[in-house]
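Here are my notes on this model, as numbered points. Please read them with the structure open.

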Amino acid sequence: MNYIQKLVKNELEGHKAWQHANYISQFMRTPGSFGIHETIHYSEKKLNEYGLDSVFTIKYPSEEHGTEELKCFGWDVNDAILDIVEPVQKRITSYAESPTCIQHWSIPTPPEGVVAELVDVGPGVNEDDYQGKDVNGKIALASGDGHAEGNSQAYRLAVEKYGAIGLVTDNLIYPNSVRTRENHPNAQTLLRVPSREETGWAFVISHTHGTFLRSQLKKGPVKLKAFIDAVNYEAEGEELVGVIEGSEKPEQEIWFVAHSSGTKPGANCAGGVGLWIENARAIMTLITQGKVPRPKRTIKFLLGAEGGGLTSYLTARPDDVKKVVAAFVYCSVGNDQNECGSSLIMYKSAESIPSFINDLCIDTIDKVSKDGLPPFKDETKDIQLIRFNAVPYTPWSDNSRLMRLMVPSPLFMSWPARHFHTQFMTSDKLDPAVLKRCGEVTTSVALMLANAGANEARFIAKVVESKGKSRFMHVSTQAYSEIMDALTTVSGTVAKINH
């Protein structure tokens, strides 16, 4: 295993992964859009250049691929501007300055834009927020509740139920210790709601501008002008598939899964695609140079819109899911940890799915994450300079769909994330070293599994045994500690615990 890790460390290049992510981040990548197709085509070209055994796409909706029931709605935006026109004239936001300001699938306005009165509906996520307020034909201003679902609820109520022509919100989704309205007041978070009714539009503004608008409303009426140049249309989605055929057991597969969708710049999502592409190059290079044998098991690369793309593949090829030994799912895998306040995270495969994959990945993380030398040592590196944590399963991305199908599938991403889905998440907020570290772990484990025989199985069993014993010791020690706390609370002193 150490031998494979060294080969991967020497071959896989974080900066190449960053270059791919940098290119992709120039596009708005909503499902079915021009930008997501450009991302797929770019990635397809790279896989073909690297010489994978086969590279193809699954289309949806498509009778040919059996995906005719899967609808795909395209949305492309050229420009969007939100201004105050009364009682002052002031630019609030624009797509050119902040691409995350405009809700996906917002309908276009007339070329001259629309002007309407602004009504503050507080959070805007509950029916009570609209009592005694007339938003019909007006623009609703909502503060949200810190959740992405709150954006959806505010849109449904303000626009679809109470007749507002549009929604403006300064909701900052997923607040945490490194990301609050107060410490990141100019951030504008992607607003993505599930509406396809083509009834209205929505802008996200900064907390700074939200505070300004509310101060103006206290003085009297406020009117905004919105201009949106966008188009909604029935589109075609596609899932890109790259295959390295197994030589002995091709019916067993290891998957790398990433999503091509994302906002602009959305470098966090683009980082997953960049590493996905670089993984394919590194593995094929090691094979063609004879440094590793052609894998016994098939290695497959899947890339498409988050959710919809993988669904199209599983719909077109439902039996393939039974072949998967393990799937490595990438989301935002390369955040600059200092700039973004992030750690590289492995969200474990659900413990309810019997698998060795969690223990094997954690063992590998520990082995490859030694970057610095302690004092008075000149050889063995023991200090981790890149934070890399393993935490319990979280249904965040395509891992949730695979989990429902009982596929062992750890998710890799960066969290917490100061700039997550804001206009500030540009490619300079990615770190090639973090991208490389994630690739070192997942690629090493994938290559081991792809060529595993009896010796590797024994090694994996040893790892699982060791990690299992460690977990039992941790649980018993934790229980002992809790009993001591309980006795202290009751008696004021620590009583003797009888075994």
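1. Start with Lys348. The model is predicted, and in it Lys348 is buried, at a relative accessible area of 18%. The cut-off for buried is under 20%. The partner of Lys348 in a salt bridge is Glu351, with the closest N and O atoms 4.0 Å apart. Glu351 counts as exposed, at 58% relative accessibility.

2. Side chains of opposite charge can pair when their charged atoms come close.

3. Look at Arg91 and Asp83. Their side chains meet in a salt bridge, at 2.3 Å from N to O. Arg91 is partly exposed, with 42% relative accessibility. Asp83 is buried, at 15%.

4. Then Lys300 and Asp320. Their salt bridge has its closest N and O atoms 3.5 Å apart. Lys300 sits in strand S11 (residues 297-304), and Asp320 in the loop between helix H7 (308-316) and strand S12 (324-330), so the pair ties together parts 20 residues apart in sequence. Lys300 is buried, with a relative accessible area of 4%. Asp320 is buried too, at 8%.

5. Last, helix H6. This helix covers residues 267-288, 22 residues in total. From first C-alpha to last, H6 reaches 31 Å, close to the 32 Å expected at 1.5 Å a residue. Is H6 mostly covered or mostly open? Mostly covered: 21 of its 22 residues are buried. Gly290 follows H6, and its phi is positive, near 75°.

Technical notes. Residues numbered from 1 in each chain as written. Predicted model: local features only at pLDDT ≥ 70, side-chain atom pairs only at ≥ 80, totals over all residues. Heavy atoms only, no water. Helix = DSSP H or I, 4+ residues; strand = E, 2+ residues; numbered from the N terminus. Expected span 1.5 Å × (residues − 1). Buried < 20%, exposed > 50% of the residue type's maximum accessible area, 1.4 Å probe, protein only.
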